[in-house]
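Here is a short briefing on one protein model. Start with the structure, then read the points by topic.

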Amino acid sequence: MSVNNRQPPLFIPSGSFTHPIETAALLSSLNRVNQSGSEIVCVVGSVGSGCSSVVKMSLPQAARSFGYYAYGRYEYDPTLHSDSAKINSKTSKDVPRSLPPFTGIITAMRSLILQILEEKNKELLETLSSKVSELTAPGTHTQPLLIEAIPELLLLLNNNSRHFDTNNNSQNFSSSLSVNLAPPSPQSPGFPSANHTTSNNVTFQESRRSFIKLITSIVSIITTDYSLTLFMDDIQWADTNSLELFVSLVRGSPSHLLLVCSYSNGIEQPKIE
């Protein structure tokens with residue numbers, strides 16, 4: 001669905017793994033946002049119907065031809081519960097969602113920032129560096145939390161001529177990245193939970209506001225001149241804060257943003273604590 005013209009969700013038939021109609025619909029959305037506007041598309045189906053596969057097979061290469069593509073996944077972590085051994089995250093109707101907030105979007109943002117750094121787009125990097133520097137200025141209460149959640153921000157903050165030197169070969173540039181950071185991983189420190197207060201007494205709501213402002217600013221800057229496709233997988237496990245952020249992203253990016261979400265239905269979603 002687009003901001004101004006809502007589209008119905010794409011339903012994937014159970015047991016079907018070839019989806020020409022759904023693939024065509026996704027590519028049509030991609031073509032539309034490349035011209036103007038921003039859209040949210042939700043791909044819905046039962047567990048095992050191929051919701052994620054149809055997106056992964058049809059969008060990444062096409063999306064990168066227009067601009068940027070990034071992927072993040074939401075998942076349930078049964079190890080956080082004492083009775084985890086009894087829980088099947090794919091079938092149980094009593095499974096609480098309890099990963100820290102924003103896990104899927106954090107994974108996508110980490111990957112996206114690395115893509116932009118590796119591409120060495122000088123103008124885009126300078127604009128992003130300036131904005132990130134403003135939002136994570138020394139003395140800002142939420143600065144440590146934002147950098148802990150997305151360590152790649154340090155590469156933007158420490159931007160220098162080396163990142164733009166076209167005489168540096170790609171191997172040297174990649175080496176400079178690997179020295180500073182591990183690859184994006186769901187096991188990164190991430191964002192604190194709602195009942196957590198940081199060591200400098202930053203509340204969850206303060207952290208949440210700063211994080212949403214940071215992400216919407218990054219996406220808005222990118223989509224000023226480039227198309228951006230974000231694929232958020234398994235949003236049946238997403239926290240409320242992430243869902244609210246998705247809406248903010250599309251509303252804050254009047255053009256060139258395609259947000260695709262996969263949702264496995266048939267799983268009763270409990271109230272989020």
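A contact here means heavy atoms within 4.5 Å. By that criterion, among contacts between residues at least 6 apart in sequence, 82% join residues at least 24 apart. The model is predicted.

**Overall make-up**
- The protein has 10 helices and five strands.
- Of its 273 residues, 47% are buried.
- The accessible surface comes to about 13,400 Å². Carbon and sulfur atoms account for 50% of that surface.

- β4 spans residues 227-233, and seven of its seven residues are buried.
- In a regular strand, side chains alternate between the two faces of the sheet.
- Both faces of β4 are covered. Ser-227, Thr-229, Phe-231 and Asp-233 are buried on one side. Leu-228, Leu-230 and Met-232 are buried on the other.
- β3 (residues 67-73) runs parallel to β4, joined by seven bridges. Gly-67 has Ser-227 as its bridge partner in β4.
- β5 also pairs with β4 in the parallel sense, over five bridges. Met-232 is partnered by Cys-261 of β5.
- β4, α10 and β5 form a right-handed β-α-β unit.

**Ser-255**
- Ser-255 sits in the loop between α10 (240-252) and β5 (257-265).
- Is Ser-255 buried or exposed? It counts as buried, because its relative accessibility is 17% and the cut-off is under 20%.
- Leaving aside residues up to four places away in sequence, Ser-255 touches Val-33, Gln-35, Ser-36, Gly-37, Ser-38 and Thr-223.
- A polar atom of the Ser-255 side chain lies 3.4 Å from the backbone nitrogen of Gly-37.

Key
Residues numbered from 1 in each chain as written. Predicted model: local features only at pLDDT ≥ 70, side-chain atom pairs only at ≥ 80, totals over all residues. Heavy atoms only, no water. Helix = DSSP H or I, 4+ residues; strand = E, 2+ residues; numbered from the N terminus. Buried < 20%, exposed > 50% of the residue type's maximum accessible area, 1.4 Å probe, protein only. Polar contact = N/O pair within 3.5 Å; in protein donor to acceptor, adjacent residues only side chain to side chain. Areas by Shrake-Rupley, 256 points an atom, 1.4 Å probe, with all protein chains shown as cover. Pairing = 2+ DSSP bridges. Right-handed = clockwise from strand over helix to strand, strands pointing away.
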